[in-house]
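Work through the exercises below with the sequence and the structure open beside you. Try each task before reading its solution.

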Amino acid sequence: MDAALLLVLWLLAQSLCLSLGVPGWRRPSTLYPWRRVPTPSRVRRAWVIPPISVSENHKRLPYPLVQIKSDKQQLGGIIYSIQGPGVDEEPRGVFSIDKFTGKVFLNATLDREKTDRFRLRAFALDLGGSTLEDPTDLEIVVVDQNDNRPAFLQEAFTGRVLEGAAPGTYVTRAEATDADDPETDNAALRFSILHQASPELFSIDELTGEIRTVQVGLDREAVAVYNLTLQVADMSGDGLTATASAIVTLDDINDNAPEFTRNEFFMEATEAVSGVDVGRLEVEDRDLPGSPNWVARFTILEGDPDGQFTIRTDPKTNEGVLSIVKALDYESCEHHELKVSVENEAPLQVAAPRAKWGQARVRVRVQDTNEAPVFQENPLRTSLAEGAPPGTLVATFSAWDPDTEQLQRLSYSKDYDPEDWLQVDPATGRIQTQRVLSPASPFLKGGWYRAIVLAQDDASPPRTATGTLSVEILEVNDHAPVLSLPLLGRLCSEPHQGPGLLLGATDEDLPPHGAPFHFQLSPRLPELSRNWSLSQVNVSHARLRPRHQVPEGLHRLTLLLRDSGQPPQQREQPLNVTVCRCSQDGVCLPGAAALRAGGAGVSLGALVIVLASVLLLLLLVLLVALRARFQQQSRGKGLLGSPQEDLRDNVLNYDEQGGGEEDQDAYDISQLRHPTALSLPLGPPPLRRDAPQGRLHPKPLRALPTSPLDIADFISDGLEAADSDPSVPPYDTALIYDYEGEGSVAGTLSSILSSQGDEDQDYDYLSDWGPRFARLADMYGHP
């Protein structure tokens with residue numbers, strides 16, 4: 001046998017023994033990767049070392065893997081080395097080589113899940129470091145062991161399926177992984193269901209993990225959620241295992257029809273009210289609450305031809321709420337019997353059983369109450385001619401009482417009549433006018449007058465109805481048109497000169513009893529038509545011109561004005577026209593006769609009345625002025641108003657402490673006669689130092705005298721108040737002055753310092769001073 005073939009077979013056997021872990025096999029094989037075998041035909045290249053297999057998780061370390069040799073030198077003359085991952089690259093130190101023998105060792109535990117193979121480079125050098133052989137590759141393959149359990153991707157898988165689903169319906173899929181070599185049985189996974197409720201309604205595909213239904217009978221109303229326990233195992237189901245759960249939720253379908261809790265309901269309702277709830281209709285439905293399969297819809301099948309009832313669904317309780325949308329009438333129907341049905345918002349499944357009580361009877365008894373009267377026509381519209389006299393019949397606004405079984409009497413009254421124009425008969429509702437309505441009333445809107453009438457019964461408590469009365473005031477042609485003053489009061493004497501005189505008219509009546517107006521010269525005076533002409537300008541104006549040259553001056557014309565009402569109203573009205581001589585452009589020339597003697601439309605009598613009114617007004621003004629002057633002179637008398645009492649021309653002002661008697665500044669005595677003109681200082685008065693503070697009390701302000709007769713009392717009261725006022729110095733107190741002037745002929749005032757009271761003073765000498773001091777002597781002298 002060829003030596004190369006023997007070497008290959010030996011390497012295969014050695015690799016197999018390493019992979020199987022044959023006990024007692026410790027001698028590594030010796031390889032000559034650089035040996036060349038001569039052949040007669042061609043030269044072969046250097047050998048390629050086949051991969052060396054070693055099991056992961058090897059415990060006996062260091063473990064010899066292989067030995068390499070070169071036959072270029074004798075033993076001991078070659079140095080071997082290896083390089084690559086696991087040696088001098090990460091992870092370092094996993095493999096090593098004996099540099100003299102070429103033995104390769106495993107120094108660390110291998111993990112195939114981290115690194116499944118190592119590729120190294122082997123070198124052979126002589127002792128001098130020269131390369132003896134070309135580098136060769138050395139590949140080490142890590143053999144997998146079943147050292148990893150399978151793992152589910154989720155702890156719990158969720159799925160949904162409709163209740164009543166057919167067998168084989170997909171629900172969800174379970175997924176798992178295994179870190180071992182997927183090419184071996186170590187990662188061959190198998191799925192299974194360890195536990196589910198009885199009977200078994202679900203199955204799982206052992207290879208794909210898909211969960212499906214296996215039989216009929218899924219009923220959400222019986223079981224809404226199913227919990228399954230799943231298992232996955234490697235080694236095709238015989239190895240390591242892991243578990244997880246699957247939660248299957250059944251979705252609801254409308255397989256249960258709603259049913260009334262009973263087949264007949266009794267309720268009561270009050271008449272004459274609407275928008276109120278009468279009662280509730282209870283129903284049951286086993287489907288999912290809140291879903292369209294559960295929500296109830298109610299229908300009134302019979303007993304409500306006028307649409308007086310409606311049923312809505314309470315979203316919380318799913319009950320039907322019966323309410324009244326149109327008021328019931330006890331007198332017309334005392335009992336109502338309704339036939340109602342119920343169904344879901346979603347259509348019922350075809351195979352679902354029909355409801356036993358899908359329909360029910362609802363009996364409603366109507367309670368009688370006192371109803372308000374009802375006007376036969378509301379609002380009531382009528383019309384009345386303008387200016388209707390008091391007592392004119394407007395309308396009869398009557399009402400009727402719906403309570404036919406109760407004998408009640410109705411009374412009528414006004415609630416709103418802003419012009420107090422109408423009068424209502426309390427017993428019959430007959431309405432008539434009680435005065436004439438003014439056409440200028442602010443409550444007359446667009447020719448309509450609005451009032452409100454009340455009708456009330458005599459029940460306890462009474463009920464009231466409100467009726468609206470609208471009266472259209474028909475316009476009556478009761479005013480003739482009136483000529484308004486022309487804009488220009490002059491007219492040229494020549495027919496072809498000037499624009500003529502523009503005349504206008506107004507009418508107090510409203511259309512169609514006003515314009516257009518018809519202007520005409522009075523037919524009673526034929527000479528007017530011979531001298532003057534009137535041409536219509538528009539519906540309310542006409543133009544006056546002379547037919548030929550007329551004399552200058554004032555001309556008095558008479559016009560006949562007629563409106564367009566039915567019947568028409570007309571009026572003759574005088575018109576004064578001033579005629580003047582004009583220039584070619586139609587302007588009156590200066591000095592023209594009667595140019596400004598009178599304006600058009602203003603008569604001499606009117607001018608006289610205006611002048612008389614002005615004179616009368618001036619006379620009244622003069623009388624009022626004279627009366628005011630006399631009243632002012634009578635009020636000018638003061639306290640010393642009589643010649644005997646007014647003894648002094650003036651009062652000398654000594655309080656300035658200036659030049660004494662040499663200071664003759666006069667004091668206006670009118671200030672005493674008119675004390676109301678005096679201005680009083682603001683703020684509290686200064687306090688006397690000799691007065692105890694505890695006795696100080698605010699003095700009320702005294703009213704000033706309103707007439708000269710009260711001045712004497714005012715002065716007397718003032719002196720008494722001054723004597724007792726603690727805020728001013730005492731009556732006989734020495735006052736210190738800085739300067740009292742010079743050259744005074746008066747005697748000393750030392751008596752003020754020596755006096756102790758008024759009783760020590762002697763004022764009899766005042767009688768010797770003349771009549772000017774007689775009044776003081778009488779007041780302060782001895783009797």
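**Exercise 1. A residue in a loop**

The model is a predicted one. Find which side chain is joined to that of Asp 314 by a polar contact, then decide whether Asp 314 is buried or exposed.

Solution. Step 1: the side chains of Asp 314 and Thr 317 are joined by a polar contact of 3.5 Å. Step 3: the relative accessible area of Asp 314 is 16%. Buried means under 20%, so Asp 314 is buried. Step 4: setting aside neighbours within four places in sequence, Asp 314 is in contact with Arg 280, Glu 319 and Val 321.

**Exercise 2. Order of strands in a sheet**

State in what order the four strands of the open sheet lie, and name its edge strands.

Solution. Step 1: the order is β28-β35-β34-β31, with mixed pairing. Step 2: β28 (380-385) and β31 (411-416) each pair on one side only, and these are the edge strands. Step 3: from one strand to the next, the twist averages 35°. Step 4: take one pairing in detail. Strand β34 (residues 448-456) runs antiparallel to strand β35 (residues 464-474), and nine bridges connect them. Ile 452 stands opposite Thr 468 in β35. As background, strands of a sheet pair through backbone hydrogen bonds, in either a parallel or an antiparallel way.

**Exercise 3. Disulfides**

How many disulfides does the structure hold, and what is the pairing of the bonded cysteines when they are numbered in sequence order?

Solution. Step 1: there are two disulfides. Step 2: one joins Cys 492 to Cys 582, with an S to S distance of 2.0 Å. The angle about its S-S bond is -100°, and the link is left-handed. This pair links distant parts of the chain, 90 residues apart: Cys 492 is in strand β37 (residues 491-492), and Cys 582 is in the loop between β43 (570-580) and α3 (604-635). Both Cys 492 and Cys 582 are buried. Step 3: the other disulfide joins Cys 580 to Cys 588, with S to S 1.8 Å. The link of Cys 580 and Cys 588 is also left-handed, at -45° about the S-S bond. Cys 580 has a relative accessible area of 0% and is therefore buried; Cys 588, at 13%, is buried too. Step 4: with the bonded cysteines numbered in sequence order, the pairing is 1-3, 2-4.

Cys 333 has 25% relative accessibility, so Cys 333 counts as partly exposed.

**Exercise 4. Aromatic pairs**

Count the aromatic pairs, and classify the pair of Trp 421 and Tyr 449 by the angle of its planes.

Solution. Step 1: the count is eight aromatic pairs. Step 2: begin with Phe 152 and Phe 157, whose ring centres are 6.0 Å apart and whose planes meet at 70°. Planes over 60 degrees apart count as edge-to-face, so this pair of Phe 152 and Phe 157 is edge-to-face. Both of these residues, Phe 152 and Phe 157, are buried. Step 3: for Trp 421 and Tyr 449, the centres are 5.2 Å apart and the planes stand at 80°, so that pair is edge-to-face. Trp 421 lies in the loop between β31 and β32 (422-424) and Tyr 449 in strand β34, which puts them 28 residues apart, in distant parts of the chain. Trp 421 and Tyr 449 are both buried. Step 4: Phe 152, Phe 157 and Phe 191 form one aromatic cluster.

Terms used: Residues are numbered from 1 along each chain as its sequence is written. Side-chain values use heavy atoms; hydrogens and water are left out. Two strands pair if DSSP finds at least two bridges between them. Helices (H or I, at least four residues) and strands (E, at least two) are DSSP runs, numbered from the N terminus. Axes are lines fitted to C-alpha atoms, for helices over the stretch in contact, and angles run from 0 to 180 degrees between N-to-C directions. Buried means under 20% relative accessible area, exposed over 50%, partly exposed in between (1.4 Å probe, protein chains only). A polar contact is a pair of N or O atoms within 3.5 Å; within protein, one must be able to donate a hydrogen and the other to accept it, and residues adjacent in sequence count only if both atoms are side-chain atoms. Contact means heavy atoms within 4.5 Å. A disulfide is a pair of cysteine sulfur atoms within 2.5 Å. Rings of Phe, Tyr and Trp (its six-membered ring) pair if their centres lie within 6.5 Å; planes under 30 degrees apart count as stacked, over 60 as edge-to-face and the rest as tilted.
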